[in-house]
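Colleague: Let's go through this model together. I'll ask, you answer.

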Amino acid sequence: MTSEPGIIVDGVTVERGGHAALTDITFEVGPGALMGVLGPNGAGKSTLFDAIAGLLPLASGAIDLRGMERKGAMAYVPQRDNINWRFPASVHDVVMMGRGNNIGWLRRPGRRDKQAVRESLERVALWDKRSVPITQLSGGERQRVFIARALAQEASILLMDEAFSGVDVGAQEGIVEVLQSLRDEGKIVIISTHDLTNIAQRFDQVLCINHHMCAYGPPDEAFTPQVLEELYGSHGLEFAHHHVDPHHDDDGRRLP
Amino acid sequence: MIDYVVGPFQYGFMARALVVAIIVGVMCPVIGAYVVARGRAFMGDALAHSVLPGMAVGLLATGSALLIAVPVGVGAALLIGYISRRTGSSEDTSIGIVFAGAFALGLVILSSPLYINAFLRLRGGKSPDIEGLLVGEILGVNMQEVYISLGLAALVIAGLYLFHRQLVYTTFDPVGAQVVGIRTRLVEYALLALLALVIVIGIQAAGIVLVMAMLITPAATGYLLARRFVGVMVIGALIGVLSAVAGMYLSFHANMPAGPVMALIATGVFGAVAARGLAAQSARRLRLIATGALGAVAAVRTRWKSG
């Protein structure tokens with residue numbers, strides 16, 4: 001009975017503190033999508049995520065999850081600053097949190113829950129580190145733990161806010177590979193990032209926002225010089241040459 | 001030595017005090033582990049001070065400060081949330097307002113001639129023990145208070161068990177918890193209600209002013225020593241019981257107020273554990289510097305020889 005996941009965002013405007021933080025955002029995604037939300041700091045990426053997650057009321061417009069219930073279907077990986085790192089949780093503890101909806105009020109985690117946690121951790125290659133406190137992991141490993149938590153939850157939509165901040169380039173690749181495999185299973189993965197590096201080329205679709213919608217589509221089509229200037233000002237064009245597509249520019253030198 | 005430990009139990013009040021000391025020693029750090037992780041120490045202090053009017057009325061009406069303090073504490077927690085939502089002031093500010101206002105009300109009630117006269121008439125000529133409320137009077141608990149403490153402790157354990165998963169999720173990741181459908185505000189209020197119950201139990205031993213020392217300090221020590229949340233609770237409870245029982249004995253033998261003694265012991269344990277950690281850290285640093293220096297000397301020497 002599980003319907004195909006999908007998100008239809010239709011003319012959404014969100015206000016924060018009396019001002020429009022986002023105006024007239026419209027896009028449709030899924031099933032099976034790896035989507036990036038790009039924009040400079042303060043462009044409204046987190047606001048958009050909060051709206052999709054149902055944490056903020058919409059001033060106008062609508063968000064349709066194609067009949068899916070948010071609870072259970074959606075998993076959210078907040079920015080690093082929103083996690084309470086004082087709380088001493090092991091990797092296993094964090095992933096088990098994802099089983100909350102499957103365990104009854106007075107029940108303890110059963111065999112199926114433990115099995116689900118194990119499979120999820122194996123999938124992100126962290127089963128060996130299950131008893132390590134999550135604070136002792138690297139930025140990339142922490143993100144993989146949160147992905148495992150979403151897997152244990154059996155979520156069909158995964159929202160990751162600033163997923164690559166504090167994650168070194170090598171580890172970013174590993175995260176993208178796991179997310180691509182989720183995409184191939186029909187899940188929807190939406191990632192926000194302020195940083196327009198090569199990683200942007202790995203998304204199926206990118207939504208570029210700076211309080212309003214600048215572009216939506218496959219990266220090759222979305223990253224036009226105009227859009228980059230809208231996002232990052234005139235030096236956005238440098239991004240276009242040096243980061244997004246380093247091999248085809250006017251610079252005579254070649255990358256090794 | 002044996003006489004020092006066992007002797008006091010020829011008095012009935014000592015057995016009652018021991019039971020309450022153990023309950024307080026366990027319950028305060030167990031809920032304190034959440035209070036510390038969620039950064040709610042000020043809230044705990046505020047709730048402790050806010051129950052004073054309830055204790056004053058309870059002492060007069062029932063002879064025990066406990067029962068009426070419970071709804072007053074829960075009410076104060078709700079009021080704090082309500083004020084910050086309605087006026088848009090920060091929660092920190094609302095806590096300050098409710099804390100000071102309720103504590104002042106309690107002091108005014110306790111010192112008003114009307115109250116003192118009524119107390120003398122209803123309570124057989126005794127005057128209210130204000131000092132006992134402020135710094136604790138564990139040797140003075142009666143049987144009714146022992147039963148109430150046991151009942152409240154059972155309620156708190158049941159509540160913490162019931163809300164365990166929600167509490168853990170919202171403490172670690174409040175935003176993610178909300179997205180998966182956990183009603184974070186309900187969980188927060190449930191925790192504050194349980195906290196109010198524990199504070200009321202704890203006040204008998206450590207008093208309004210110092211119940212914080214039992215709530216925060218042993219749990220904070222637990223955080224220094226344990227790697228898992230359950231470990232924090234267990235270590236905190238061990239230190240809590242040690243502090244409370246030792247405070248009780250010193251109060252009996254040396255005729256010192258129990259609350260401050262418990263608080264000092266808990267603080268001393270924290271200090272010792274923290275100092276050990278710091279010492280280990282600086283030893284590591286010194287070793288690093290020493291190896292670095294030796295390495296540099298060796299390098300200069302080789303270069304000097306070869307040059």
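Colleague: At what angle do helix α3 and helix α6 of chain B pack?

Modeller: This is a predicted model. Helix α3 of chain B covers residues 41-50, and helix α6 of chain B covers residues 91-111. Their axes lie 8 Å apart, and the packing angle is about 20°.

Colleague: Are α3(B) and α6(B) roughly parallel or roughly antiparallel?

Modeller: Angles under 35 degrees count as roughly parallel. The pair packs at about 20°. Therefore α3(B) and α6(B) are roughly parallel.

Colleague: Is the crossing of α3(B) and α6(B) left-handed or right-handed?

Modeller: The angle is about 20°, with the axes 8 Å apart. The crossing of these two helices, α3(B) and α6(B), is left-handed.

Colleague: Which residues of α3(B) and α6(B) make the contact?

Modeller: From α3(B) come F42(B), M43(B), A46(B), H49(B) and S50(B). By class, the contact has eight nonpolar, two polar and one charged residues. On the α6(B) side the residues are D92(B), I95(B), V98(B), F99(B), A102(B) and F103(B).

Colleague: Where in chain B is confidence lowest?

Modeller: Chain B has a mean pLDDT of 89, and 99% of its residues reach 70 or more. Helix α13 of chain B (residues 217-225) is highest, at 95. Confidence is lowest, at a mean of 75, in helix α1 (residues 2-6) of chain B.

Colleague: What ipTM does the model score?

Modeller: Two scores are given for the model. The pTM is 0.85. The ipTM is 0.85.

Colleague: Which element gives the largest share of the side of chain A that touches chain B?

Modeller: The contact takes 23 residues from chain A and 19 residues from chain B. On chain A, the elements that give two or more residues are α2 (70-73) and β5 (74-77). The largest share is four residues, and it comes from β5(A).

Colleague: How many nonpolar residues are on the side of chain A that touches chain B?

Modeller: That side also has seven polar and two charged residues. The nonpolar residues number 14.

Colleague: What percentage of the residues in chain B is buried?

Modeller: Buried means 20 or more other C-beta atoms within 10 Å of the residue's own. Chain B has 307 residues. The buried part of chain B is 46%.

Notes: Residues numbered from 1 in each chain as written. Chains lettered and ligands numbered in written order. Predicted model: local features only at pLDDT ≥ 70, side-chain atom pairs only at ≥ 80, totals over all residues. Axes fitted to C-alpha atoms, helices over the stretch in contact; angles between N-to-C directions. Parallel < 35°, antiparallel > 145°, perpendicular 65-115°, else oblique. Left-handed = near helix turned anticlockwise from the far one by under 90°. Contact = placed C-beta atoms within 7 Å. Nonpolar A, V, L, I, M, F, W, Y, C, P; charged D, E, K, R; others polar. pLDDT = per-residue confidence, 0-100. Buried ≥ 20, exposed ≤ 12 C-beta atoms within 10 Å, placed from the backbone.
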